Amino acid sequence: KYTFQGGTMLQATPEVAGWIAKNVPELKNGTVDLAFPDEAGGIGYAMGVKATLEAYGIKVTEIKYPVTSTDFSAIGTQVKADNPSAFIAVGNSAMDALIYQAVVQAGYDGLLFSTTTVTYDTLKTAVPEEALEGFVGGAWPVEFDPAATEVAQVFKDKWIEVNGKWEGPEIQLTAAYAALRAALEKAGTTDVDAVAEVLASGLTFEGPTGK
């Protein structure tokens, strides 16, 4: 009857894309190559990113790749040939890092950016830091020291208590947990219909990734 899916809570695209469009001069009326996997989730997210960038007057070239790909050199070759103002990959954290690396290895030296607010610490677990030179992306409240919000600081302190140190983990899915927890508290029951109604009614909640 219902499924609970937190994916739409991961999208910080309007905020991050807006900041980049305003603050990165080469993107004013510029071009972006956008790489994404050929599957429903990747396509859906990529089209949202494309629409947002185009709203700021940025021309977007789509680069769709098979979801089972392990060799991304062809993407690097295309980006090098296109020589866009900037490049963005929207797949998943580890795959995106490998794609950014392939683009750099192909000789592209333009701007690398992301609107998914995947942490830099997460990306550099998959590729050497030199593959991400100049990378621009959004930051979660928990990435700052001290953390930017009280909830983020509580989360960070608890992480350190359990794991010994803060290692910059990928925390995007904590938004889904925070939403479900807030809905359960507001509904005052675990009745599925009641909780679904709360989630569907414009619920405002706060978690480690922000309000």
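Predicted model: local features only at pLDDT ≥ 70, side-chain atom pairs only at ≥ 80, totals over all residues.
View 1. Four strands pair in parallel to form an open sheet, in the order E2-E1-E3-E4. Strand E2 (59-65) and strand E4 (111-113) are the edge strands, each with a single partner, so one side of each has no neighbour in the sheet. From one strand to the next, the twist averages 20°. Look inside the sheet for strand E1 (residues 31-37) and strand E3 (residues 86-89), parallel strands joined by four bridges. Here Asp33 stands opposite Phe87 in E3.

**View 2. Helices H2 and H4 on the sheet.** Helix H2 (residues 40-55) lies across E1, E2, E3 and E4, and runs at about 170° to E1. H4 also packs on the sheet, where it touches E1, E2, E3 and E4, and its direction makes about 150° with that of E3.

**View 3. Helix H3 against helix H4.** The axes of H3 (residues 73-82) and H4 (residues 93-105) come within 8 Å and cross at roughly 50°, so the two helices are oblique to each other. The crossing is right-handed. On the H3 side you will find Ser73, Ile75, Gly76 and Val79, which meet Ile99, Ala102 and Val103 in H4. By class, this contact has five nonpolar, two polar and no charged residues.

**View 4. Helix H7 against helix H8.** Here the axes of H7 (residues 174-187) and H8 (residues 192-199) come within 9 Å and cross at roughly 115°. H7 passes H8 in a right-handed crossing. H7 contributes Ala179, Leu180, Ala183, Leu184, Lys186 and Ala187 to the contact, while H8 brings Ala194, Val195, Val198 and Leu199. These residues divide into nine nonpolar, no polar and one charged.

Note on methods: Residues numbered from 1 in each chain as written. Heavy atoms only, no water. Axes fitted to C-alpha atoms, helices over the stretch in contact; angles between N-to-C directions. Parallel < 35°, antiparallel > 145°, perpendicular 65-115°, else oblique. Left-handed = near helix turned anticlockwise from the far one by under 90°. Contact = heavy atoms within 4.5 Å. Nonpolar A, V, L, I, M, F, W, Y, C, P; charged D, E, K, R; others polar. Pairing = 2+ DSSP bridges.
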